Amino acid sequence: MSEQAGKIQTSLGSTILAAILFFGVGGVVIYGLEEGEVYQPDELYVDECGACHYAYPPGFLPASSWQGIMLGLEDHFDENAETDEETASYISEYLQANALTAGGSSPWSMLLRNLPDNPPLRITELPGFRQAHESELELLDGLDMGMEFFSPCEDCHRQADQGLFDKGLLRAGYGPAAR
Amino acid sequence: MLIMTSARYTIMKISKAMVLVSSLFLCMLVFASEVSDLMIEEFQAEAERPFSEQAGMETWYASQPDGRSCTSCHGESLLVRGSHQRTGKIIEPMAPSINPERLTERRHINKWFLRNCKWTYGRECTVQEKGDILLWLSQQ
């Protein structure tokens, strides 16, 4: 091999290696997900249950809570969220299969902390949730704002639709003005 | 004088295929907007009186004693976005002329009649009410 060809080969190889390291390492750091791990909620679930509010990830509530919600769609926190039997059945199955479970691996297993025997229907009433939002709760206590303040996760967790709730991805701001 | 070469044969075949695909596509476009027409027809068969756009509009805008009405979430105009009266979630415009996706899916139409009539009136809408509203909406 001539000297020139050797030099070209070295610089080309270095460039390729640099590119691999840059995109490879950068990829892991930027997205903060395990390799191959992507939050992909069921499309029908998002369509049916995400029309009026953020489609809460199934892994946010234990199976019994989801069951309670699906049985009370006619009075879903003072709203009507009914749908046809076939769709309700499908969604129930999906929720049960992906619910918050002890021993399961999930990015939200902190929600299992101090889970009572009769878990609440509201995510914001989970002890694990309150623990994760302790400082925010203290702040709001002084402002006398109800727990409904926390209902739209996406107001502060701007990448909630992608299942990302890292502190580093927070944005302060709430309400229509922040949308 | 038409001499069929292999090139011309290919062009002919491709042209025929394109015509077929385009007409199928056009059929789909026409069919999509006929979902509400079909439902109006089906409702009319069960309803007491012929449907009227005027009645549909009045039902839409009427306020219940507790203040609830369709405008609570959809806003005063069908041409602009509304927002959920409680969660603030954006609701795309109802007018099919602005939002072509509206009134194209039977299951969607039935679901929202079920949910929203029950929220607004505390009961399901009658076939008469559904037909009036659907007729009015389809013309907006």
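This report covers the confidence, the chain contact and the nonpolar cores of a predicted model.

Local features here need pLDDT of at least 70, side-chain atom pairs count only at pLDDT 80 or more, and totals for chains, interfaces and linings use all residues. Residues are numbered from 1 along each chain as its sequence is written, while chains are lettered from A and ligands numbered from 1 in the order in which they are written.

**Confidence**

pLDDT is the predictor's confidence in each residue, from 0 to 100. Chain A averages 83, and 80% of its residues score at least 70.

| Stretch of chain A | pLDDT | Contacts beyond four places in sequence |
|---|---|---|
| residues 25-33 | under 50 | 3 contacts |
| residues 174-179 | under 50 | 4 contacts |

**Where the chains meet**

Chain A brings 11 residues to the contact, and chain B brings 10 residues. On the chain A side, 4 are nonpolar, 4 polar and 3 charged. Ala, Val, Leu, Ile, Met, Phe, Trp, Tyr, Cys and Pro count as nonpolar; Asp, Glu, Lys and Arg as charged; the others, Gly among them, as polar.

**Nonpolar cores**

A nonpolar core is a set of buried Ala, Val, Leu, Ile, Met, Phe, Trp, Tyr and Cys residues joined through C-beta atoms within 7 Å. Buried means that 20 or more other C-beta atoms lie within 10 Å of the residue's own, placed from the backbone. The largest core has 13 residues; B:Trp60 and B:Trp136 are among those with the most contacts inside it. Leaving aside neighbours within four places in sequence, B:Trp136 touches B:Glu53, B:Gly56, B:Met57 and B:Trp60. A second, separate core has 12 residues, including A:Ile69 and A:Leu95.

Methods: Two residues are in contact if their C-beta atoms, placed from the backbone, lie within 7 Å.
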